[in-house]
Amino acid sequence: MANFNIKTATLGGMQFWTDFRWVAGVRLQRNEVTKHWRVLDARNVRQSWGSREDCEKSFDKLVQQLHPNLRYQRIVILMHGLMRTPRSMRSMASAIKATIPCETISPTYASSRAPMADHAEALRSIVESLPGEPIVDFVAHSMGNIVIRHALNDWKKLGDPMHALKRMHRMVMLGPPNQGATIAKRLAKTGLFGVIAGQGGLDLGRDWDQLQSNLAIPEFPFAIVAGRHSGPLSKHPLVEGDNDLVVSIEETHLEGAAVEIEVPVLHSFLMDSKEVQQKVIAFLSEA
(Lines give C-alpha, C1' and ligand atoms only; values in the text may rest on other atoms or scores of the structure.)
Protein backbone atom coordinates (compact mmCIF):
# COMPACT_ATOMS: atom_id res chain seq x y z
CA MET A 1 0.00 0.00 0.00
CA ALA A 2 1.08 3.59 -0.62
CA ASN A 3 1.97 5.69 2.43
CA PHE A 4 -0.77 7.29 4.47
CA ASN A 5 -1.85 10.37 2.58
CA ILE A 6 -3.74 13.52 3.42
CA LYS A 7 -5.05 14.91 0.15
CA THR A 8 -3.17 18.16 -0.14
CA ALA A 9 -3.19 20.86 -2.79
CA THR A 10 0.23 21.34 -4.41
CA LEU A 11 1.77 23.67 -6.98
CA GLY A 12 1.90 20.79 -9.46
CA GLY A 13 5.65 20.31 -9.34
CA MET A 14 8.01 23.06 -10.45
CA GLN A 15 11.76 22.51 -10.88
CA PHE A 16 11.88 19.61 -8.41
CA TRP A 17 9.30 17.19 -9.86
CA THR A 18 9.18 15.27 -13.13
CA ASP A 19 6.11 13.67 -14.74
CA PHE A 20 6.51 10.01 -15.70
CA ARG A 21 2.88 9.29 -16.61
CA TRP A 22 0.12 11.66 -17.68
CA VAL A 23 -3.53 10.80 -18.41
CA ALA A 24 -6.24 13.48 -18.47
CA GLY A 25 -4.28 15.61 -16.03
CA VAL A 26 -3.59 12.77 -13.59
CA ARG A 27 0.18 12.60 -13.14
CA LEU A 28 2.73 10.22 -11.70
CA GLN A 29 5.71 12.29 -10.55
CA ARG A 30 9.18 11.77 -9.08
CA ASN A 31 10.95 14.29 -6.87
CA GLU A 32 14.45 14.76 -8.30
CA VAL A 33 15.93 15.59 -4.88
CA THR A 34 14.37 13.01 -2.56
CA LYS A 35 13.55 10.48 -5.33
CA HIS A 36 10.16 9.67 -3.83
CA TRP A 37 7.01 9.46 -5.95
CA ARG A 38 3.52 10.89 -5.82
CA VAL A 39 0.27 10.96 -7.77
CA LEU A 40 -1.54 14.23 -8.48
CA ASP A 41 -5.03 14.65 -9.88
CA ALA A 42 -5.98 17.25 -12.48
CA ARG A 43 -6.42 19.87 -9.74
CA ASN A 44 -2.85 19.31 -8.46
CA VAL A 45 -4.13 17.59 -5.33
CA ARG A 46 -1.83 14.85 -4.05
CA GLN A 47 -3.70 11.54 -4.08
CA SER A 48 -0.88 9.28 -2.89
CA TRP A 49 2.88 9.18 -2.31
CA GLY A 50 5.61 6.65 -1.65
CA SER A 51 7.50 4.16 -3.83
CA ARG A 52 7.13 4.04 -7.59
CA GLU A 53 5.45 0.63 -7.45
CA ASP A 54 2.83 1.78 -4.96
CA CYS A 55 2.19 5.02 -6.82
CA GLU A 56 1.89 3.22 -10.17
CA LYS A 57 -0.93 1.17 -8.64
CA SER A 58 -2.59 4.28 -7.23
CA PHE A 59 -2.25 6.04 -10.59
CA ASP A 60 -3.85 3.15 -12.49
CA LYS A 61 -6.69 2.92 -9.96
CA LEU A 62 -7.43 6.63 -10.12
CA VAL A 63 -7.38 6.75 -13.93
CA GLN A 64 -9.66 3.72 -14.09
CA GLN A 65 -12.11 5.38 -11.71
CA LEU A 66 -12.14 8.74 -13.48
CA HIS A 67 -11.57 7.80 -17.14
CA PRO A 68 -12.26 4.06 -17.60
CA ASN A 69 -12.74 4.16 -21.39
CA LEU A 70 -10.32 6.90 -22.36
CA ARG A 71 -8.39 6.26 -25.58
CA TYR A 72 -6.43 9.09 -27.17
CA GLN A 73 -6.40 9.42 -30.96
CA ARG A 74 -3.92 12.28 -31.26
CA ILE A 75 -1.73 13.96 -28.68
CA VAL A 76 0.34 17.12 -28.98
CA ILE A 77 3.07 17.14 -26.33
CA LEU A 78 4.41 20.58 -25.43
CA MET A 79 7.81 20.62 -23.71
CA HIS A 80 8.96 23.70 -21.82
CA GLY A 81 12.54 24.89 -21.64
CA LEU A 82 15.24 25.22 -19.00
CA MET A 83 13.97 26.60 -15.68
CA ARG A 84 10.49 27.11 -17.09
CA THR A 85 7.23 25.32 -16.24
CA PRO A 86 4.23 23.97 -18.19
CA ARG A 87 2.57 27.35 -17.64
CA SER A 88 4.92 28.81 -20.22
CA MET A 89 3.29 26.60 -22.87
CA ARG A 90 -0.30 27.31 -21.84
CA SER A 91 -1.05 29.91 -24.53
CA MET A 92 0.37 27.69 -27.27
CA ALA A 93 -1.61 24.69 -26.01
CA SER A 94 -4.87 26.67 -26.01
CA ALA A 95 -4.28 27.90 -29.57
CA ILE A 96 -3.57 24.37 -30.80
CA LYS A 97 -6.62 22.83 -29.12
CA ALA A 98 -8.86 25.57 -30.51
CA THR A 99 -7.89 24.60 -34.06
CA ILE A 100 -6.70 20.99 -34.19
CA PRO A 101 -8.78 18.03 -32.94
CA CYS A 102 -6.38 16.64 -30.36
CA GLU A 103 -5.48 16.50 -26.70
CA THR A 104 -2.49 18.46 -25.42
CA ILE A 105 -0.03 17.50 -22.71
CA SER A 106 2.43 19.89 -21.12
CA PRO A 107 4.61 17.71 -18.87
CA THR A 108 6.63 19.17 -16.08
CA TYR A 109 10.22 18.09 -15.66
CA ALA A 110 12.91 19.19 -13.24
CA SER A 111 14.99 20.85 -15.95
CA SER A 112 17.55 22.29 -13.52
CA ARG A 113 17.76 19.31 -11.16
CA ALA A 114 18.50 16.30 -13.40
CA PRO A 115 20.52 15.43 -16.52
CA MET A 116 19.06 15.27 -20.00
CA ALA A 117 19.04 11.47 -20.01
CA ASP A 118 16.66 11.41 -17.04
CA HIS A 119 14.30 13.88 -18.69
CA ALA A 120 14.29 11.74 -21.85
CA GLU A 121 13.50 8.62 -19.82
CA ALA A 122 10.50 10.37 -18.27
CA LEU A 123 9.22 11.53 -21.64
CA ARG A 124 9.45 8.02 -23.07
CA SER A 125 7.48 6.75 -20.08
CA ILE A 126 4.72 9.30 -20.69
CA VAL A 127 4.40 8.45 -24.39
CA GLU A 128 4.50 4.69 -23.88
CA SER A 129 1.78 4.76 -21.23
CA LEU A 130 -0.75 6.91 -23.10
CA PRO A 131 -4.02 4.99 -23.48
CA GLY A 132 -4.96 4.15 -27.04
CA GLU A 133 -1.47 4.40 -28.60
CA PRO A 134 -2.24 7.79 -30.21
CA ILE A 135 -0.50 9.69 -33.00
CA VAL A 136 2.01 12.04 -31.36
CA ASP A 137 3.12 15.56 -32.31
CA PHE A 138 5.65 17.68 -30.44
CA VAL A 139 5.97 21.41 -29.89
CA ALA A 140 8.99 22.28 -27.78
CA HIS A 141 10.75 25.37 -26.54
CA SER A 142 14.51 25.63 -26.16
CA MET A 143 15.90 22.75 -24.04
CA GLY A 144 12.64 20.82 -24.43
CA ASN A 145 13.72 20.05 -27.99
CA ILE A 146 16.93 18.43 -26.77
CA VAL A 147 14.98 16.27 -24.34
CA ILE A 148 12.84 15.02 -27.24
CA ARG A 149 15.87 14.36 -29.46
CA HIS A 150 17.46 12.37 -26.62
CA ALA A 151 14.26 10.35 -26.18
CA LEU A 152 14.11 9.59 -29.91
CA ASN A 153 17.69 8.32 -29.78
CA ASP A 154 16.94 6.20 -26.72
CA TRP A 155 13.98 4.54 -28.44
CA LYS A 156 16.25 3.62 -31.34
CA LYS A 157 19.08 2.34 -29.12
CA LEU A 158 17.26 0.82 -26.15
CA GLY A 159 14.13 -0.50 -27.85
CA ASP A 160 10.65 0.68 -28.67
CA PRO A 161 8.20 -1.88 -27.17
CA MET A 162 5.13 0.34 -27.70
CA HIS A 163 6.08 1.27 -31.31
CA ALA A 164 6.22 4.92 -30.33
CA LEU A 165 8.49 5.93 -33.20
CA LYS A 166 5.95 4.70 -35.75
CA ARG A 167 3.34 6.99 -34.19
CA MET A 168 5.36 10.20 -34.43
CA HIS A 169 3.72 12.68 -36.80
CA ARG A 170 5.30 16.16 -36.71
CA MET A 171 7.41 18.41 -34.52
CA VAL A 172 7.97 22.16 -34.23
CA MET A 173 11.14 23.36 -32.51
CA LEU A 174 11.01 26.85 -30.98
CA GLY A 175 14.44 28.39 -30.38
CA PRO A 176 16.17 24.99 -30.15
CA PRO A 177 19.87 24.89 -29.16
CA ASN A 178 20.48 22.12 -31.69
CA GLN A 179 24.19 22.92 -31.84
CA GLY A 180 24.55 23.57 -28.13
CA ALA A 181 24.32 27.02 -26.57
CA THR A 182 27.25 29.39 -26.53
CA ILE A 183 25.66 31.32 -23.69
CA ALA A 184 25.56 28.15 -21.55
CA LYS A 185 29.19 27.35 -22.38
CA ARG A 186 30.34 30.80 -21.33
CA LEU A 187 28.21 31.03 -18.20
CA ALA A 188 29.39 27.57 -17.09
CA LYS A 189 32.85 29.04 -16.49
CA THR A 190 31.45 31.07 -13.60
CA GLY A 191 30.58 27.99 -11.55
CA LEU A 192 27.36 29.62 -10.36
CA PHE A 193 25.58 28.62 -13.58
CA GLY A 194 25.94 24.93 -12.73
CA VAL A 195 24.47 25.53 -9.28
CA ILE A 196 21.45 27.37 -10.70
CA ALA A 197 20.83 25.53 -13.97
CA GLY A 198 22.03 22.10 -12.82
CA GLN A 199 23.26 19.31 -15.03
CA GLY A 200 20.57 20.04 -17.60
CA GLY A 201 22.04 23.49 -18.15
CA LEU A 202 25.60 22.14 -18.23
CA ASP A 203 24.53 19.56 -20.83
CA LEU A 204 23.74 22.43 -23.19
CA GLY A 205 27.13 24.04 -22.70
CA ARG A 206 30.15 22.57 -20.95
CA ASP A 207 29.09 18.95 -21.57
CA TRP A 208 27.61 19.41 -25.05
CA ASP A 209 30.26 17.32 -26.81
CA GLN A 210 29.33 14.29 -24.67
CA LEU A 211 25.60 14.91 -24.99
CA GLN A 212 25.23 15.40 -28.73
CA SER A 213 26.16 11.81 -29.59
CA ASN A 214 22.99 10.77 -27.75
CA LEU A 215 20.68 13.01 -29.78
CA ALA A 216 18.73 11.84 -32.80
CA ILE A 217 17.46 13.86 -35.73
CA PRO A 218 13.70 13.27 -36.03
CA GLU A 219 12.84 10.86 -38.83
CA PHE A 220 9.47 12.55 -39.29
CA PRO A 221 8.75 16.09 -40.54
CA PHE A 222 9.99 18.85 -38.27
CA ALA A 223 10.14 22.63 -38.47
CA ILE A 224 12.41 25.11 -36.74
CA VAL A 225 11.33 28.58 -35.59
CA ALA A 226 14.23 30.86 -34.69
CA GLY A 227 13.91 34.27 -33.09
CA ARG A 228 15.86 37.27 -34.36
CA HIS A 229 16.27 40.33 -32.14
CA SER A 230 17.01 43.59 -33.92
CA GLY A 231 16.83 46.03 -31.03
CA PRO A 232 19.64 47.95 -29.33
CA LEU A 233 20.82 44.77 -27.52
CA SER A 234 20.88 42.62 -30.65
CA LYS A 235 24.65 42.12 -30.26
CA HIS A 236 24.50 40.03 -27.09
CA PRO A 237 27.95 39.71 -25.50
CA LEU A 238 27.35 36.04 -24.62
CA VAL A 239 25.76 34.92 -27.92
CA GLU A 240 27.47 34.94 -31.30
CA GLY A 241 25.76 36.09 -34.50
CA ASP A 242 22.10 36.95 -35.06
CA ASN A 243 20.11 35.70 -32.09
CA ASP A 244 17.02 35.91 -29.90
CA LEU A 245 19.12 37.03 -26.87
CA VAL A 246 19.63 33.39 -25.78
CA VAL A 247 20.17 31.14 -28.82
CA SER A 248 21.72 32.19 -32.12
CA ILE A 249 20.00 31.43 -35.40
CA GLU A 250 22.96 29.28 -36.39
CA GLU A 251 22.61 27.23 -33.20
CA THR A 252 18.98 26.39 -34.02
CA HIS A 253 19.89 24.76 -37.35
CA LEU A 254 19.45 21.02 -37.75
CA GLU A 255 19.95 19.09 -40.96
CA GLY A 256 16.75 17.64 -42.39
CA ALA A 257 14.31 20.31 -41.25
CA ALA A 258 11.28 20.62 -43.52
CA VAL A 259 11.27 24.37 -42.98
CA GLU A 260 13.30 26.91 -40.98
CA ILE A 261 11.56 30.16 -40.10
CA GLU A 262 12.86 33.37 -38.56
CA VAL A 263 10.56 35.64 -36.56
CA PRO A 264 11.19 38.98 -34.78
CA VAL A 265 10.50 37.50 -31.33
CA LEU A 266 12.68 37.13 -28.24
CA HIS A 267 13.56 33.64 -27.04
CA SER A 268 11.40 33.68 -23.92
CA PHE A 269 8.27 34.73 -25.80
CA LEU A 270 8.36 32.50 -28.89
CA MET A 271 5.53 30.27 -27.66
CA ASP A 272 3.32 33.27 -26.81
CA SER A 273 3.65 34.98 -30.20
CA LYS A 274 0.43 34.85 -32.24
CA GLU A 275 2.50 34.73 -35.41
CA VAL A 276 4.45 31.74 -34.13
CA GLN A 277 1.30 30.00 -32.94
CA GLN A 278 -0.23 30.35 -36.41
CA LYS A 279 2.88 28.88 -38.01
CA VAL A 280 2.90 25.98 -35.54
CA ILE A 281 -0.73 25.17 -36.19
CA ALA A 282 -0.26 25.36 -39.97
CA PHE A 283 2.67 22.93 -39.85
CA LEU A 284 0.96 20.46 -37.50
CA SER A 285 -2.16 20.55 -39.67
CA GLU A 286 -0.33 19.26 -42.74
CA ALA A 287 -0.89 15.61 -43.60
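1. Starting with the pocket lining: by class, the largest pocket is lined by seven nonpolar, nine polar and six charged residues. The classes put Ala, Val, Leu, Ile, Met, Phe, Trp, Tyr, Cys and Pro under nonpolar, Asp, Glu, Lys and Arg under charged, and the others, Gly among them, under polar.

2. Before you go further, bear in mind that this is a predicted model, where local features need pLDDT of at least 70, side-chain atom pairs count only at pLDDT 80 or more, and totals for chains, interfaces and linings use all residues. Residues are numbered from 1 along each chain as its sequence is written, and side-chain values use heavy atoms, with hydrogens and water left out.

3. Back to that pocket: the largest one holds about 500 Å³ of space. Of its 22 lining residues, Trp22, Pro86, Arg87, Arg90 and Ser106 are the closest to the centre. Two or more lining residues come from each of β2 (17-23), α2 (90-99) and β7, and α2 gives the most, with four. Helices (H or I, at least four residues) and strands (E, at least two) are DSSP runs, numbered from the N terminus. On a 1 Å grid over the protein atoms alone, a pocket is an open set of points with protein on both sides within 12 Å along at least five of seven lines, a cavity is a set where a 1.4 Å probe fits but cannot get out, and lining residues have an atom within 4 Å of a point. Points are joined across faces, edges and corners, and a volume is the space filled by probe spheres set on them.

4. There is one cavity of 30 Å³ or more, and the largest cavity has about 40 Å³ of space. Its lining includes Thr18, Asp19, Met79, Pro107 and His119. The largest share, four residues, comes from α3; by class the lining divides into six nonpolar, three polar and one charged.

5. Ser112 lies in the loop between β7 (103-105) and α3 (116-128). Ser112 counts as buried because its relative accessibility is 4%; the cut-offs are under 20% relative accessible area for buried, over 50% for exposed, and partly exposed in between (1.4 Å probe, protein chains only). Leaving aside neighbours within four places in sequence, Ser112 is in contact with residues including Gln15, Leu82, Met83 and Ile196. The side chains of Ser112 and Arg113 also make a polar contact of 3.4 Å. That term covers N or O atoms within 3.5 Å; within protein, one must be able to donate a hydrogen and the other to accept it, and residues adjacent in sequence count only if both atoms are side-chain atoms.

6. Two helices to finish. Glu56, in helix α1 (residues 52-66), is buried with a relative accessible area of 19%. In helix α6 (residues 192-203), the buried residues include Phe193, Ala197 and Leu202.

How values were computed
Contact means heavy atoms within 4.5 Å.
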